[in-house]
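I open this notebook to keep track of what I look up in the structure, one entry at a time. Each entry starts from one place in the chain and follows what can be found there.

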Amino acid sequence: MTPPVTPPVTPLNPAKFRDPARTAKGEERATVTLQRLETLWLNTGTLCNITCANCYIESSPRNDSLAYLRRDEAASYLAEIRALGLPTREIGLTGGEPFMNPDILGILEDGLEAGFHLLVLTNAMRPMQRHQAALLRLKARFGARLGLRVSMDHYSRAVHEAERGPRTWEPMLKGLRWLADNGFAPAVAGRGLSGEGLADLRAGYGRLFAALGMALAVDDPARLVLFPEMDARQDVPEVSTGCWDILGKRPEQMMCATSRMVVKRKGTERPALVACTLLPHDPQFELGTTLAGARPTVALNHPHCAKFCVLGGASCSA
């Protein structure tokens, strides 16, 4: 399959997403209040071994705007979860590439020893592969509570490498095969880069996994996660309070009703909490430095809120 042709972009109306209280039409903007903290995401840093054409949080080998999260900093949030008696069941790790963080193995061990399920988002390339022995030890101790989700942007090499760069396909497949061969039961995350419908995408991934001899249930949305493609420059409807009934959705179904993310900004003394895995750089989504003191309500005042969550129905959690 040839790389996709980028469709013409309808530029975002500059009047939109300016006021957290009102849409450009003057309607009351939709908000979401944290109902229960089911998933706490830890951003391990924006450094990554590759540069994607459209990275949601601008990761690259040079971007360290989000510094490496230290083991003790991550542990302080795990301790706060226990102290507050929060119903958190899952700790997610994302980057950048989490396996580039020098404290990653300690962070994983601490989370698993504390009884959480861990979900690590990885490109499965060299940074992950150099930790194979340690990952096998963690798997032997903690079993299925250690989950890994591999980013495979499309089931074809051409489309995947159009996004992730040349010579990224085979290293990713090597890491994915290693995880599957060693009993990790990896999940896969794809993106709507090619313009195909969800059924066609799932069928395409199914053909690939069959050819690879991998047993991965492509109809299971937790095993094959397909994210809508996002471009903050492109026009998208704003979400007002009246949209909930029109769309047949509720605020408590949104990702920010059940999750938060920890980030460590370069040059800061301590980490902070943000509302969403996709919005670590926008100051309006920074909520405080502790779980106890974090602002609970979020205004859906960003194009990603509409495109990814409300209209796309997507979530980064398992």
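**Entry 1**

I began with E238, which I found in the loop between strand 7 (224-227) and helix 8 (243-247). I noted at the outset that this is a predicted model. Is E238 buried or exposed? Its relative accessibility is 12%, and because buried means under 20%, E238 counts as buried.

I then looked at what the side chain of E238 reaches, and found the backbone nitrogen of A24 at 2.8 Å. The side chain of E238 also makes a polar contact of 2.8 Å with the side chain of R29. When I left aside the neighbours within four places in sequence, the residues in contact with E238 were K16, F17, T23, A24, R29 and C243.

**Entry 2: R29, the partner**

R29 has a relative accessibility of 2%, so it counts as buried. Besides the polar contact of 2.8 Å with the side chain of E238, I found that the side chain of R29 makes a polar contact of 3.1 Å with the side chain of N301.

I also checked a distance for R29: N63 is 34 residues apart from it along the chain, and the C-alpha atoms of R29 and N63 are separated by 33 Å.

**Entry 3: M152**

Next I turned to M152, in the loop between strand 5 (146-151) and helix 5 (157-164). With a relative accessible area of 0%, M152 is buried. Which residues are in contact with M152, leaving aside its neighbours within four places in sequence? I listed H160, W169, M172, L173, L176, V188, A189, G190, Y205, L208 and F209.

One of these contacts is with A189, and I looked up how the two are placed: M152 and A189 are 37 residues apart in sequence, while their C-alpha atoms are 5.8 Å apart in space.

**Entry 4: two covered helices**

I wanted to see how helix 2 (residues 104-113) sits in the structure, and found that seven of its 10 residues are buried, so helix 2 is largely enclosed by the rest of the structure. The buried residues of helix 2 are I104, G106, I107, L108, D110, G111 and L112. What covers them includes strand 2 (39-43), helix 1 (71-84), strand 3 (90-94), strand 4 (117-122), helix 4 (132-142) and strand 5. Just after helix 2, I noted that G115 takes a positive phi of about 95°.

Helix 9 (residues 303-310) is mostly covered as well, with seven of its eight residues buried. I wrote these down as P303, H304, C305, A306, F308, C309 and V310. Among the elements that cover the buried residues of helix 9 are strand 7 and helix 8, and these are the two elements on either side of the loop that holds E238.

**Entry 5: backbone details**

The peptide bond from G95 to G96 is cis, with omega near 15°, and G96 lies in the loop between strand 3 and helix 2.

E58 is not a glycine, yet its phi is positive, near 65°; E58 lies in the loop between strand 2 and helix 1. A124, which is not a glycine either, has a positive phi of about 65°, and A124 lies in the loop between strand 4 and helix 3 (126-129).

**Entry 6: the chain as a whole**

Last, I stepped back to the whole chain, whose secondary structure comes to nine helices and 11 strands. For 318 residues, a compact globule would have a radius of gyration near 20 Å, and the 19 Å of the chain agrees with this. Along its principal axes the C-alpha trace spans about 55 × 50 × 35 Å.

Of the 318 residues, 53% are buried. Among contacts with a separation of 6 or more, 72% join residues 24 or more positions apart. The chain has 37 positive and 33 negative charges, and their mean positions are 3 Å apart.

Key:
Residues are numbered from 1 along each chain as its sequence is written. This is a predicted model: local features need pLDDT of at least 70, side-chain atom pairs count only at pLDDT 80 or more; totals for chains, interfaces and linings use all residues. Side-chain values use heavy atoms; hydrogens and water are left out. Helices (H or I, at least four residues) and strands (E, at least two) are DSSP runs, numbered from the N terminus. Buried means under 20% relative accessible area, exposed over 50%, partly exposed in between (1.4 Å probe, protein chains only). A polar contact is a pair of N or O atoms within 3.5 Å; within protein, one must be able to donate a hydrogen and the other to accept it, and residues adjacent in sequence count only if both atoms are side-chain atoms. Contact means heavy atoms within 4.5 Å. The radius of gyration is taken over C-alpha atoms; the globule rule is 2.2 Å times the number of residues to the power 0.38. Lys and Arg count as positive and Asp and Glu as negative; His and the chain ends are not counted. The place of a charge is taken as NZ of Lys, CZ of Arg, CG of Asp or CD of Glu.
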